[in-house]
Amino acid sequence: MTPSETTEQRNPASTPPSPDLASLIAACGRDERPALKALYELTAADLYGRAVAATSVRADADHALVQTYLSVFAEAEQFDPATIEPRAWLEGVLGRHLPV
């Protein structure tokens, strides 16, 4: 096994790589609910951590996270990966739902 071998070459039974965030957001814009589930699974822990750090109140963080993913699904067609990175866009959506 050489350092240039990929994980798939070393372990063909490994799970396939997940789609990139921009593709998942675009799929949400096409009302593809499985994409929202996949996006949530890939990003919720990080966004929730940011929400807890910003609010210090878990109930507020919980509410902000739920509202974030509702907004992502509703606004995904407005996302333009040419102008903003997917994580930055998601963090911006979260920021709109954090209490002041």
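Just after helix 2, Asp31 adopts a positive phi of about 65°, although Asp31 is not a glycine. The structure is a predicted model, in which local features need pLDDT of at least 70 and side-chain atom pairs count only at pLDDT 80 or more, while totals for chains, interfaces and linings use all residues. Residues are numbered from 1 along each chain as its sequence is written, and side-chain values use heavy atoms, with hydrogens and water left out. Asp31 is placed in the loop between helix 2 and helix 3, where helices are DSSP runs of H or I with at least four residues, strands are runs of E with at least two, and both are numbered from the N terminus. With a relative accessibility of 55%, Asp31 counts as exposed; the term exposed denotes over 50% relative accessible area, buried under 20% and partly exposed the range in between, for a 1.4 Å probe and protein chains only. A positive phi, near 65°, is also found at Ser56, a residue other than glycine, which belongs to the loop between helix 3 and helix 4 and counts as exposed at 64% relative accessibility.

Helix 2 itself is mostly covered, with 7 of its 9 residues buried, namely Leu21, Ala22, Leu24, Ile25, Ala27, Cys28 and Gly29. These buried residues pack against helix 3, helix 4 and helix 5, contact meaning heavy atoms within 4.5 Å. Ile25, with a relative accessible area of 0%, is buried, and, when neighbours within four places in sequence are left aside, Ile25 is in contact with Leu39, Ala76, Phe79, Pro86, Trp89 and Leu90. The C-alpha atoms of Ile25 and Leu39 are separated by 7.4 Å, the two residues being 14 residues apart along the chain.

The largest nonpolar core has 23 residues, of which Ile25, Cys28, Leu39, Leu47, Val72, Trp89 and Leu90 touch the most other members; such a core is a set of buried Ala, Val, Leu, Ile, Met, Phe, Trp, Tyr and Cys residues joined through side-chain atoms within 4.5 Å. At least two residues of this core are supplied by each of helix 2 (21-29), helix 3, helix 4 and helix 5 (86-97). Residues up to four places away in sequence not being counted, Leu39 touches Leu21, Leu24, Ile25, Cys28, Ala44, Tyr69, Val72 and Leu90.

The axes of helix 3 (residues 33-55) and helix 4 (residues 58-75) come within 9 Å and cross at roughly 145°, the axes being lines fitted to C-alpha atoms over the stretch in contact and the angles running from 0 to 180 degrees between N-to-C directions. Among the residues that make this contact are Leu36, Leu39, Tyr40 and Leu47 of helix 3 and Leu65, Thr68, Tyr69 and Val72 of helix 4. By class, the contact of helix 3 with helix 4 comprises 13 nonpolar, 3 polar and 4 charged residues, where Ala, Val, Leu, Ile, Met, Phe, Trp, Tyr, Cys and Pro count as nonpolar, Asp, Glu, Lys and Arg as charged, and the others, Gly among them, as polar.

Thr68 of helix 4 counts as buried at 0% relative accessibility, and its side chain reaches the backbone oxygen of Ala64 at 2.7 Å. Neighbours within four places in sequence aside, Thr68 is in contact with Leu47, Leu90, Val93, Leu94 and His97.

Methods
Polar contact = N/O pair within 3.5 Å; in protein donor to acceptor, adjacent residues only side chain to side chain.
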